[in-house]
Amino acid sequence: MTATYTKAEVAQHNKKENGWFIINNSIYDVTKFYDDHPGGRDVLLANIGRDATEEFEAVHHSKGAMRKLDDLKVGELPESERRHFISMSEVATKKSADGAWFVINNKVYDVTKFLDLHPGGRDILLYNAGGDATEAFTDNGHSDNAYKMMGKYCIGDLELDERKKYMNRKVTGEQHASTTQVVRVKSEDESLLARIQEQLQLFIVLALFVMAGVFLLS
């Protein structure tokens, strides 16, 4: 029978001499694997005592690495703490005011009860319901409070084989404003350059006319 450990118990194994972490609801003891890890010990030490699923999946691992991972397994999370995996096909069925789900950074959110509370209105949420809203969400520069609020609406994780390879993409309101300013300045610079080019072309045409007139008079 597979042993079960809570997240609190895993959190206690956060020392170099006793390091565990969680990947997709399974718990692994990597204490004796530090020096054998192809990516170095630091990446393992940075994740012990916590759920390292996103960090693990952000890197391609060979079949040999997956077999080695099985050898390091010491248990699983209890049912009450296990992550719930949801397919994109199920998300796709939730795209109305009666049930609005979408995906952000490979996590699934049920925003049905948030439709009338959203500062930007319900329409933008319904427009993205049933699909992956990561770019729509991050490109609009939400505040840190918005990111914190998301947690209460998270109902699970996207299925492993359907996840995209961006991890925790985040653009705050300040970063969005900065990016917008850069785009605006770039646009203004391009407009100025275009006007200079037009004036230069006009000057060349006028110069040619003057030269032609001088030639005819001579």
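For these notes I take helices as DSSP runs of H or I with at least four residues, numbered from the N terminus. The model I am reading is predicted.

**Entry 1, surface patch.** I looked up Ile-204 and found this residue in helix H9, which covers residues 173–217. Ile-204 is partly exposed, as its relative accessible area is 43%. I then noted a nonpolar surface patch of about 550 Å², to which Ile-204 contributes along with Leu-200, Phe-203, Leu-208 and Met-211.

**Entry 2, aromatic pairs.** How many aromatic pairs does a search of the whole structure find? I get two. Tyr-5 and Trp-20 make an edge-to-face pair, with 4.9 Å from centre to centre and 75° between the planes. This pair links distant parts of the chain, 15 residues apart: Tyr-5 is in the segment before helix H1 (7–11), and Trp-20 is in strand S2 (residues 18–23). I checked the cover on each side chain. Tyr-5 has a relative accessible area of 25% and is partly exposed, whereas Trp-20, at 8%, is buried.

I turned next to Phe-114 and Tyr-153. Their ring centres are 5.2 Å apart and their planes stand at 45°, so I logged the pair as tilted. I noted both Phe-114 and Tyr-153 as buried.

I looked at Trp-101 and found the charged end of Lys-94 over its ring, 5.2 Å from the ring centre.

Conventions: Residues numbered from 1 in each chain as written. Predicted model: local features only at pLDDT ≥ 70, side-chain atom pairs only at ≥ 80, totals over all residues. Heavy atoms only, no water. Patch = residues over 30% accessible without salt bridge, like charges linked within 9 Å, V, L, I, M, F, W, Y side chains within 5 Å. Areas by Shrake-Rupley, 256 points an atom, 1.4 Å probe, with all protein chains shown as cover. Salt bridge = Lys/Arg side-chain N within 4 Å of Asp/Glu carboxyl O. Helix = DSSP H or I, 4+ residues; strand = E, 2+ residues; numbered from the N terminus. Buried < 20%, exposed > 50% of the residue type's maximum accessible area, 1.4 Å probe, protein only. Phe/Tyr/Trp six-rings, centres within 6.5 Å; stacked < 30°, edge-to-face > 60°. Lys NZ or Arg CZ within 6 Å of the ring centre and 35° of its normal.
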